[in-house]
Amino acid sequence: EKGVTLLYMSSQPVFHALSDEIQGLVALAKEVERKDSHTQEHCERIQSLSMLVGERMKLPPDRLELLIYAALLHDIGKIGIPNHILNKKGPLTPEEWKEITKHPTAGRAIIEKTFLKDAGPIIEQHHERYDGTGYPLGLQKDEILVEARIIAVVDAFDAMISDRPYRAAMTNEEAMAELRRCAGSQFDPEVVEVFVNVINTYPPGVSLSEHKRF
């Protein structure tokens with residue numbers, strides 16, 4: 001049974017090679033990274049950090065597995081967004097913003113055609129906000145899957161510690177302070193605290209922006 005094999009293999013570094021389907025999805029995620037100049041190796045960092053948070057929050061193995069895949073593939077729906085919007089240096093027009101907000105649902109649609117379909121709702125919800133002002137569904141608090149609440153925090157942190165066309169990268173400390181400032185509004189406060197503990201116990205000398213787990 002494919003799911004059982006996947007669970008057994010998911011702790012192995014070779015688990016990406018499990019099936020053509022996963023290879024195809026990972027290739028699509030890599031293509032998104034190439035399209036979006038902001039996200040070099042972003043997916044692997046988000047995957048490894050999300051897994052560490054999920055483990056500390058004691059997610060059961062089947063949910064941890066979905067989290068690992070959803071984290072790797074969370075932006076897969078950006079494949080349909082034109083490059084000039086993804087890489088625009090200035091502010092987006094309302095029409096361009098509308099295109100951006102379609103990517104979580106587009107990602108769910110892509111993954112629901114595969115055996116990883118249970119990760120689809122996590123992908124669709126990764127831009128929801130704890131206070132209900134996120135997109136595309138306007139969910140709040142526990143209406144948002146815990147895996148999506150985890151990815152939201154890790155994704156925001158990774159964006160903050162990365163250079164952008166309009167600002168320099170923040171330090172880990174600055175980014176953590178910003179997460180705490182937005183806890184309860186944008187982010188689940190419990191997830192923020194667990195994540196901060198993960199970062200604070202990271203091996204010293206490891207640059208997160210260079211870290212790769214897989």
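**Exercise 1.** What percentage of the 214 residues of the protein chain count as buried?

*Solution.* The model is predicted. Within the protein chain, 48% of the 214 residues count as buried.

**Exercise 2.** State how many helices and strands the protein chain has.

*Solution.* The chain has 11 helices and 0 strands. Among contacts between residues at least 6 apart in sequence, 61% join residues at least 24 apart.

**Exercise 3.** Decide whether helix α3 is largely enclosed, and find what its buried residues pack against.

*Solution.* Step one: α3 covers residues 42-56, which makes 15 residues. From first C-alpha to last it reaches 21 Å, close to the 21 Å expected at 1.5 Å a residue. Step two: a residue is buried when its relative accessible area is under 20%. In α3, 12 of the 15 residues are buried, so the helix is largely enclosed by the rest of the structure. Among them are H42, C43, E44 and R45. Step three: the buried residues pack against α2, α4, α9 and α11. Just after α3, K58 has a positive phi of about 60°.

**Exercise 4.** Work out how α10 and α11 are oriented to each other.

*Solution.* Step one: α10 (residues 172-181) and α11 (residues 189-200) pack at an angle of about 170°, and their axes are 10 Å apart. Step two: angles over 145 degrees count as roughly antiparallel. The two helices are therefore roughly antiparallel. Step three: α10 contributes N172, M176, L179 and R180 to the contact, while α11 contributes V192, E193, F195, V196, I199 and N200. By type, these residues are 6 nonpolar, 2 polar and 2 charged.

Conventions:
Residues numbered from 1 in each chain as written. Predicted model: local features only at pLDDT ≥ 70, side-chain atom pairs only at ≥ 80, totals over all residues. Heavy atoms only, no water. Axes fitted to C-alpha atoms, helices over the stretch in contact; angles between N-to-C directions. Helix = DSSP H or I, 4+ residues; strand = E, 2+ residues; numbered from the N terminus. Parallel < 35°, antiparallel > 145°, perpendicular 65-115°, else oblique. Contact = heavy atoms within 4.5 Å. Nonpolar A, V, L, I, M, F, W, Y, C, P; charged D, E, K, R; others polar. Buried < 20%, exposed > 50% of the residue type's maximum accessible area, 1.4 Å probe, protein only. Expected span 1.5 Å × (residues − 1).
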